[in-house]
Amino acid sequence: MKGWWRVADLSINFAGIRSPNPFWLASAPPSNSGMQVHRAFEAGWGGAVWKTIGAPVLNVSNRYGAWHYGGQKMLAINNVELISDRPLEVNLREIAEVKRAWPDRAVVVSAMVESTPEIWHDIIRRIQDTGADGIELNYGCPHGMSERGMGSAVGQVPEYCEQITRWVMEVAKIPVIVKLTPNISDIVMPARAAVAAGANAVSLINTLNSIIGVDLDTLEITPNIGGKGGHGGYAGPAVKPIALNMLAALGRDSVVGGSKMPISGMGGISTWRDAAEFLLLGAGSLQVCTAVMHYGFRIVEDLCDGLSNWMDEKGFAKISDVAGRSLDRVSDFNNFDLSFRAVARIDQEKCIRCNLCYVACNDTAHQCIDLIAKDGSVVEPQSYDIQANGREEAVNSRPGVHVREADCVGCRLCFNVCPVEDCIRMIEEPSGRPPVTWGQLSESQREVTEDWEKMKAYREKMGIEIH
Amino acid sequence: MLTESFESTARADALGELLPPLTENQAAVEAARCLMCYDAPCTHACPTHIDIPKFIKKISTQNLRGSARTILESNLLGATCARVCPVEELCEGACVLQAEHKPIAIGRLQRHAMDFVYRKGIDLFEPGKATGKKVAVIGAGPAGLSCAGELAKRGHSVTLFEKRELGGGLSTYGIIGLREPVEVAMAEVRMIERLRVKVETGKEFGADLSLTDLNSDYAAVFLAVGLGATPALGIPGEDRIIDGLEYIEQSKVDAGKLVVGDQVVVVGAGNTAIDCATIAKRLGASSVTMVYRRTENEMTAYPHEYNFIKREGVNFSFLTQPVRVHSENGAVTSLECVRMSLGATDASGRPSPQPVAGSEFFLAADQVVKAIGQQKPSLAARLNLKTEKGFIGVNANFETSLPGVYAGGDCIRWRGAASTVMAVQDGKLAARAIHERLVARG
């Protein structure tokens, strides 16, 4: 039964870690202290991965840089902050206090210590003594700790990843999540290592190596740390597509996906819409950092509310109904139908005549949009009389933009640049050719894929015109 | 003394520039909103066809010098136009972001770029390589300055004759400080001078110099003489009526000395009338009434000006024509008016107002200001130039019926609304034509 009230059940059981909703604070500055996590839970967060505890560190000033674009602040953040610089004892005490106060929330503790079995055994036992629900192994931090043989120095070498995880699993009594670094050519390899070592789950992505910029006045690196600067971990909305791809890569891998190991997704989740996409590509819990650092803990309200409303609309009763639902749609070029055809169509009623589609198509794509004057003739840009001016003249004489659909290759660039919602649509048009993939073509007519003359003949036979 | 100077300052403040400059951040956010339309309608709508998306993009990349240059390449009086252009009727009115958004604040962004270069004292152009050709420009208003500057950029030796004490024309004397402070017009005059244009003020064409003098010394002449004085209403007591342009001039030159009545009636409903009413209201009049013989549908003030003046608290008396100024002991006491009704369409394309018999009434007033347009240029007749509805007639190259004598600006505007930006474009195009002529002659 559906009504106006919320019916979707947002609670999760992630590798044995339960939380009332899938949204956890990622291990980062927002989860640096008991006071912060307490406030986050009051705001409604389902869980928190405590800021990484472990080896002693000292931090620097100007540790966060950010990438702003087009008047939009913080499309991404980068940081050289290290793991928690608060004493281990203080963190462990506060973790125990928070867990006692919030029995229904997921309290996961991120850890990173030097790579010896004794030190790892010790930290795992001490974390378990707090009553925490789970442990996340930070194999991802790309700065500061990696130079000391920790963080991404571990995550980038699947063998280290597996070895350390085995040490951890020797003493672990609560679920263990291995956090992966994206600073690697194939994300699947360290994930397989985690599977091999018997970890309970993986999480991804940690931050990407980055330099945020150079100051054009001082020529210093941004942010400037006493005249120097360097690579830091990159996160936020800008990294979401990278995270989604890596998440899907694990889900599709026969070993990792086949193991059904739960995956905690993160990397640029800012809204419930982002969250739903991570779920659809196989995430079982969701971690958020940059959006919280931008707007505060309060954003969890719409994360839950929006996700719940969307699930209600779609008829998904619980998170596991959503999780991985779009994974089977992910494929690769070899399996795409070469006969699939779409063309751009411009809604003349909605079009505001900015002509961005025209210039994009004409300069950089496939030259199939025309400027058409009121009398139906094709006109060139800037073809008005130099003495003509005024609002009415400019608006009334402005030509319209029209796609020559026969010439449109369906590249979708115009669709992407159009500033008006639903103005340009990609219309599926029958190509008149039977479906065939490059993979099939390579098998059935290998010569076509290797010889330009054969390709020409094939195209002529199939009626494929290249514009 | 102290009271006087305080009064002057307070009055100058009351008529200070209405819109504050955009902050760096406001400009960045506004510039980022611009879609960067291709072959943009704002550029088409601008009479000088400034490449608006280009200058806005340069603001968003913090290339303010390049932004200003983009503006000035098309319009040398970019700082004036940024302030006085009726942007709602031009660039901003044509912006594609109308229906679901607000148009980009193009005028204010242009001012942002212009203020930057004037504040920093950056010159973006230099005089062209000297051609040895001499051109005389008559009148240092927007058309004259534009033409002189464009010719100087091409290397011609230009002398700009101006009958007033200061250059700038209406920008200096005729546009309320609320919209354009004197300093902005002065900065533009100085920029034109730095292009080695020789500006000779206090030289009146016809009185201090003749066309014969000019023809012997100069290879071409550009007339940018503007229009004449405010015409007479032709009613008894007219000598008590204050000329609107003089009212504005006094408010700009020395606001402290401007006499402002308590109950002010402004006759007219055009741009100048709006400015006069604004001055009266802001400088202490307890009531200001604008009197117009037609209705709000026919008034020549732009809708945004009408909305502005209503918000200032000015009253309107439409379908009203003054018939007599009453005064006692030399002081105005009231303006006698008659009600009008609209009849058949007249030569201006508007319904002609007819007095309603027996409808006379009195508007209490201690000051009456008239702003009912300007007389057509008397120069045309004196020089025996061909005219167009009383204005100086020119061909497509802005050349008058006298070869080598060109004209532009308000003095040729026989159709369409006179505006600063149109005058700038006239000056620019005339300069091109004059240059062609001088180059062709070798």
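A: A residue is termed buried if 20 or more other C-beta atoms, placed from the backbone, lie within 10 Å of its own, exposed if 12 or fewer do, and partly exposed in between. The model is predicted: local features need pLDDT of at least 70 and side-chain atom pairs pLDDT 80 or more, whereas totals for chains, interfaces and linings use all residues. Residues are numbered from 1 along each chain as its sequence is written, with chains lettered from A and ligands numbered from 1 in the order in which they are written.

Q: Which residues of helix H12 (residues 356–364) of chain A are buried?

A: Helices (H or I, at least four residues) and strands (E, at least two) are DSSP runs numbered from the N terminus. In H12 of chain A, the buried positions are Leu356(A), Cys357(A), Tyr358(A), Val359(A) and Cys361(A).

Q: How many helices and strands does chain A have, and what share of its residues is buried?

A: Chain A has 16 helices and 20 strands, and 43% of its 467 residues are buried. Its C-alpha trace extends about 80 × 60 × 55 Å along the principal axes. Where contacts in chain A link residues at least 6 apart in sequence, 74% of them join residues at least 24 apart.

Q: What are the corresponding values for chain B?

A: Chain B has 17 helices and 16 strands, and 52% of its 442 residues count as buried. The C-alpha trace of chain B spans about 70 × 55 × 55 Å along its principal axes. Of the contacts in chain B between residues at least 6 apart in sequence, 72% join residues at least 24 apart.

Q: Is Ala347(B) buried or exposed, and where does it lie?

A: Ala347(B) lies in the loop between strand E10 (331–345) and strand E11 (351–355) of chain B. It is exposed because 7 other C-beta atoms are within 10 Å. Its C-alpha atom is 26 Å from that of Arg382(B), 35 residues away along the chain.

Q: How is Gly416(B) to be read, as buried or exposed?

A: Gly416(B) has 10 C-beta neighbours inside 10 Å and therefore counts as exposed. Its place is the loop of chain B between strand E16 (405–407) and helix H17 (420–441). Between the C-alpha atoms of Gly416(B) and Leu19(B), 397 residues apart along the chain, the separation is 27 Å.

Q: At what angle do helix H9 (residues 142–153) and helix H11 (residues 182–194) of chain B pack?

A: The angle is about 25°, and the axes of H9(B) and H11(B) are 9 Å apart. H9(B) is therefore roughly parallel to H11(B) (under 35 degrees; over 145 is roughly antiparallel, 65 to 115 roughly perpendicular, the rest oblique). In this packing, Leu145(B), Ala148(B) and Gly149(B) of H9(B) meet Glu188(B), Val189(B) and Ile192(B) of H11(B).

Q: How many residues of chain B are in contact with chain A?

A: On the chain B side, 18 residues are in contact with 21 residues of chain A. The elements of chain B that contribute two or more residues to this side are helices H2 (24–33), H3 (41–45) and H7 (91–94).

Conventions
Axes are lines fitted to C-alpha atoms, for helices over the stretch in contact, and angles run from 0 to 180 degrees between N-to-C directions. Two residues are in contact if their C-beta atoms, placed from the backbone, lie within 7 Å.
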